Amino acid sequence: MTETESPPDDAYNALDRLYDNPDERVTALQEIKPPEQDVSGQESVFKALGNKDRLRVLSALRESECCGCELQVVLDAPQSTVATHLRKLKDAGLVKSRKKGKWSYYRIADTAVFELLDLAHAIQEDT
């Protein structure tokens, strides 16, 4: 095991007490460690979901596609604020847009986002 692959000393000491062969357990744990790109993608989604206004946008889009100006009404916010939230949602892959003349319309990119929101609601109700 190389220096960069070994766990911190306190973790290794705990593993040493739990397992007869801690090196084998470290190897097994490293094999199930998710790839950085997967974790970064998930982080992007959860960061986008971690804002009340963006959750309000997604809730409005659950009903139907909306123009940016309609989302200004939903958020009671200026165009620049709405645009910032929409950009974060688009960057996370949660929202798609299309242009029609000078207007931009937004819709949910994948209905799986509603499953996430529904699960969050269910978890919150259980607490």
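Helices here are DSSP runs of type H or I with at least four residues, numbered from the N terminus. Keep that in mind for the views below, which show a predicted model.

**View 1. The whole chain, before zooming in.** The protein has seven helices and three strands. The C-alpha trace spans about 65 × 35 × 25 Å along its principal axes. The radius of gyration is 21 Å, while a compact globule of 127 residues would have one near 14 Å. Of those 127 residues, 25% are buried. If you look at contacts between residues at least 6 apart in sequence, 48% of them join residues at least 24 apart.

View 2. R56 and D53 sit three residues apart in helix α4 (residues 52-63), about one turn of the helix. Their closest N and O atoms are 3.0 Å apart, and this counts as a salt bridge because the cut-off is a Lys or Arg side-chain nitrogen within 4 Å of an Asp or Glu carboxyl oxygen. Both partners are partly exposed: R56 has a relative accessible area of 42%, and D53 has 24%. By the salt-bridge rule, the count for the protein comes to four.

**View 3. R62 reaches from helix α4 to D118 in helix α7.** The side chains of R62 and D118 form a salt bridge, with N and O 3.0 Å apart. R62 belongs to helix α4 and D118 to helix α7 (residues 112-126), so this pair ties together parts of the protein that are 56 residues apart in sequence. How exposed is R62? At 36% relative accessibility, R62 is partly exposed. D118 is partly exposed as well, with a relative accessible area of 41%.

**View 4. Helix α3 and the E43–K47 pair.** Here the closest N and O atoms of the salt bridge between E43 and K47 are 3.7 Å apart. The two residues are four apart in helix α3 (residues 36-49), which puts about one helical turn between them. E43 counts as partly exposed, at 42% relative accessibility. K47, on the other hand, is exposed, with a relative accessible area of 56%; the cut-off for calling a residue exposed is over 50%.

View 5. H85 lies in helix α6 (residues 79-91). Is this histidine buried or exposed? H85 is buried, at a relative accessible area of 9%, and the cut-off for that label is under 20%. Leaving aside residues up to four places away in sequence, H85 touches N51, D53, R54 and L75.

**View 6. Surface and charge.** Back out to the whole protein and the accessible surface comes to about 9200 Å². Carbon and sulfur atoms account for 49% of that area. As for charge, the protein carries 17 positive and 23 negative charges.

How values were computed: Residues are numbered from 1 along each chain as its sequence is written. This is a predicted model: local features need pLDDT of at least 70, side-chain atom pairs count only at pLDDT 80 or more; totals for chains, interfaces and linings use all residues. Side-chain values use heavy atoms; hydrogens and water are left out. Buried means under 20% relative accessible area, exposed over 50%, partly exposed in between (1.4 Å probe, protein chains only). The radius of gyration is taken over C-alpha atoms; the globule rule is 2.2 Å times the number of residues to the power 0.38. Contact means heavy atoms within 4.5 Å. Accessible areas come from the Shrake-Rupley method with a 1.4 Å probe; for residues, only the protein chains shown count as cover. Lys and Arg count as positive and Asp and Glu as negative; His and the chain ends are not counted. The place of a charge is taken as NZ of Lys, CZ of Arg, CG of Asp or CD of Glu.
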